[in-house]
Amino acid sequence: MKFHFRRLSIPPVSEQQPIKLAELASKLNDPSAYPELDNLGEISATPPRPLDEIFTDIQNGQADRVSLLDWAFCLYNKIDWDRENPTQSRQTSEAIWEESTRNYWLKNVLFWRLALYLSNSNSDNFAPSLADCFPDFALCFADQGFLPVKILLKLSKNESARELAQLSWQHLLTPEELLNTAQLPSMIPTANAALDYIANFFIAEKYSTINQLDLLIKLLNQMSVEQQIRAVETLLSKVPTEISKTLSKLVEWLRLNYGPRTANSLWHQLSPAAKLALTKWIHAASYRDFERLVDVLLAHLNPDNKQHNQLSRRRDFWSNYSERFERIRILLPQESANTLGSHLQRDVDILDDDGSEATEICIFDFGDYFVVEFFRGKGSEIRLFKHHQQPDIEQKLFDSPTLSIKKLRSFGGEVHDHVYLWLTACEKWLRDFGICPNSGTKIFKGLGARYDENTGLPTPSIEQRQDREKHLMRWRWEIEKLEREAKSYCKNIIN
């Protein structure tokens, strides 16, 4: 019996290909895959020489014989070469750094990979001997721009994240922006860890500049939720309430992100102490905005002007409630905005001109109630709105992009005057709605009178009350006229 076998067809044996080296070579021509090798130019396909030969040229001052691919091969494999040649690891690393002081491309590659190594990010193929030698050569790069060197020296320290945060704060840049400016990898773990120290630097600097405040808020927005909560807790525990009055931009950010009445805020993740502090911050900063507005207005009025005294009394009256404000909205006539806007240090809104006598307006949020304070004019009233009776009133008062004096009057609400003895009467009026002065108030500012938490201010004499009633008759007539005009005006707009 004969057996027939198929003839085997064996492919020709090919030489082994340097796969890893080919991958490295492809990366060299692809900056997005190997960012530290930007501006490298065209790469020769000539295979690299043995490492011993490359190091000999470098140490003998013949680096011009080392191709770019040789350099990449050398840096990529030096960690393994050092293990086999421990006695020569230091001196060869020194020779590489020495050459980098003359070779801009080599310096950039070393800086990039050293940053990754020091931040424990993708550092498997960077020789520790190169990192150990760097401090000895740091000053050699001073004339080439010292920021990358400063950053690398910071990264080499034990508290590298704190050191990087400090440098970032000094340059008024985020850690990521700082690293990008220095042409170093920005997405490193140390850059993220540096965010944990920012709140303490803000506190240590005594919250001195607007730029630092802007940087703090920018960094808070970059943090993870856990980092942000820790930073907020630190700020609320270490910055006094008195100081927070001057940080209206930060307080507004906190109100929007952690406020107790803000939808989807992180209020419930704060500690009880932080919640109490934040409440005080919000109230104090809101009053400070009102106080600053009045002070700026007063600075532009003659002290003998009747309105000067009226505004002073409004400021003093509302100072008794400074811990009760949750937020404030300032509305100015265009003329006042042109004169005062740059002095207020906060955003203001412009009142639509509806033909009314000009007045500045502040809207106070007391939680369950909203109070609208008209500063001047014929009516010059105070309006109070109950949130539960007008569910849409909050949106109208705080979210409407356009408001006018007539529109505000058309909303209705409870109305109080600014005529004779108004401070005493208004304190009782507010107390009847459950809006009381700051806890612990003993002397009522604006009157200098003793205040009792149970009975309020002393009752005026019969003669004083009679005189007040005479003034009220004229005021009521004026307010009724203004309200009729407001309703008619708004009705015509709708029609």
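Helix α17 gives the largest share of the lining of the second largest pocket, namely six residues. The model is a predicted one, in which local features need pLDDT of at least 70 and side-chain atom pairs count only at pLDDT 80 or more, while totals for chains, interfaces and linings use all residues. Residues are numbered from 1 along each chain as its sequence is written, and side-chain values use heavy atoms, with hydrogens and water left out.

**The pocket**

- The second largest pocket holds about 450 Å³ of space, a volume being the space filled by probe spheres set on grid points that are joined across faces, edges and corners.
- A pocket here is an open set of points on a 1 Å grid over the protein atoms alone, where a 1.4 Å probe fits, with protein on both sides within 12 Å along at least five of seven lines, and its lining residues have an atom within 4 Å of a point.
- Of the 21 residues that line the second largest pocket, Lys 306, Gln 310, His 418, Val 419 and Tyr 420 lie nearest its centre.
- At least two lining residues come from each of α17 (306-319), α21 (422-432) and α22 (462-494), where helices (H or I, at least four residues) and strands (E, at least two) are DSSP runs numbered from the N terminus.
- The lining comprises six nonpolar, eight polar and seven charged residues, with Ala, Val, Leu, Ile, Met, Phe, Trp, Tyr, Cys and Pro counted as nonpolar, Asp, Glu, Lys and Arg as charged, and the others, Gly among them, as polar.

- Strand β3 (residues 361-365) is largely enclosed by the rest of the structure, because five of its five residues are buried (under 20% relative accessible area, with a 1.4 Å probe and protein chains only).
- In a regular strand the side chains alternate between the two faces of the sheet.
- From β3, Ile 361, Ile 363 and Asp 365 point one way and Cys 362 and Phe 364 the other way, and all are buried.
- In β4, Tyr 369, Val 371 and Glu 373 on one side and Phe 370, Val 372 and Phe 374 on the other are all buried, which leaves both faces covered.

**Strand pairing**

- Strand β1 (residues 327-332) runs antiparallel to β3 and is joined to it by five bridges, two strands being paired if DSSP finds at least two bridges between them, and Leu 331 stands opposite Ile 361.
- Five bridges also join β3 to the antiparallel strand β4 (residues 369-374), with Ile 361 opposite Phe 374 and Cys 362 partnered by Glu 373.
- Three residues separate β3 and β4 in a hairpin, and Gly 367 in the turn has a positive phi of about 95 degrees.
- β4 is joined in turn by five bridges to the antiparallel strand β5 (residues 382-386), where Ile 382 stands opposite Glu 373.

Terms used:
Buried < 20%, exposed > 50% of the residue type's maximum accessible area, 1.4 Å probe, protein only.
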